[in-house]
Amino acid sequence: MVGFANSDPVMIQLILNWLEQSLGVDKDRFRFRVVVNESHKYRTKQIQKYWSDLLNYSLDFFYEPTFQKVQWIK
């Protein structure tokens, strides 16, 4: 199992391509998890759909989202 955390779509696609093309990892083995700040919990499905569409993977490839409680300092 390998974990990779990032919010840059280009970096995520780069890692997915590297795993698939260079290491021969089958695309069906990939799983994704969206981590959402609790302040955006109300739009979790929208965020997951964004990443699903962007990465071209159905929501079946996504684990349940994880929520973080982070308070931003102003």
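Modeller: Quick ground rule: helices here are DSSP runs of H or I with at least four residues, strands are runs of E with at least two, and both are numbered from the N terminus. This is a predicted model, so local features need pLDDT of at least 70 and side-chain atom pairs count only at pLDDT 80 or more, while totals for chains, interfaces and linings use all residues. Residues are numbered from 1 along each chain as its sequence is written, and side-chain values use heavy atoms, with hydrogens and water left out.

Colleague: Fine. How many helices and strands are there in the protein?

Modeller: Two helices and two strands. Along the sequence they come in the pattern α-β-α-β.

Colleague: And what box do the C-alpha atoms fill?

Modeller: Roughly 45 × 25 × 20 Å, taken along the principal axes.

Colleague: How many of the 74 residues are buried, as a percentage?

Modeller: Buried residues make up 24% of them. Buried is under 20% relative accessible area, exposed is over 50%, and partly exposed is in between, with a 1.4 Å probe and protein chains only.

Colleague: What share of the contacts is between residues 24 or more positions apart?

Modeller: 58%, taking the contacts with a separation of 6 or more. A contact is heavy atoms within 4.5 Å.

Colleague: On to α1. How far does α1 reach from its first C-alpha to its last?

Modeller: 19 Å for the 14 residues of 9-22, close to the expected 20 Å. The expected span is 1.5 Å times one less than the number of residues.

Colleague: Which residues of α1 are buried?

Modeller: I12, L16 and L19. Down the axis of α1, the buried residues fall within an arc of 65°, so they line one face of the helix. The arc is that of the directions from the helix axis to the C-beta atoms.

Colleague: Why would residues three or four places apart point the same way?

Modeller: Because an α-helix has 3.6 residues a turn.

Colleague: OK, and which residues are exposed on the other side of α1?

Modeller: V10, Q21 and S22. As for the buried residues of α1, what covers them includes α2, residues 44-55.

Colleague: What follows α1?

Modeller: G24, with a positive phi near 75°.

Colleague: Now α2. How far apart are its end C-alpha atoms?

Modeller: 17 Å, which agrees with the 16 Å that twelve residues should span. T44, I47, Q48, W51, S52 and L55 are the buried residues of α2. These fall within an arc of 135° seen down the axis of α2, so they too line one face of the helix.

Colleague: What covers the buried residues of α2?

Modeller: The cover includes α1, β1 and β2. On the other side of α2, K45 and Q46 are exposed.

Colleague: Tell me about T44. Buried or exposed?

Modeller: Buried, because T44 has 8% relative accessibility. Neighbours within four places in sequence aside, T44 is in contact with V36, P65 and F67.

Colleague: So where is V36 found?

Modeller: In strand β1. V36 has 4% relative accessibility, so it counts as buried. Residues up to four places away not counted, V36 touches K41, T44, I47, T66, F67 and Q68.

Colleague: What about N37, buried or exposed?

Modeller: N37 is in strand β1 too, and N37 counts as buried because its relative accessibility is 13%. Beyond four places in sequence, N37 touches Q68, V70 and W72.

Colleague: Which residue just after α2 takes a positive phi?

Modeller: N56, at about 65°. N56 isn't a glycine, and N56 sits in the loop between α2 and β2 (66-68). At 66% relative accessibility, N56 counts as exposed.

Colleague: Which element gives the most to the lining of the largest pocket?

Modeller: α2, with five residues. α1, β1 (35-37) and α2 each supply at least two residues of the lining.
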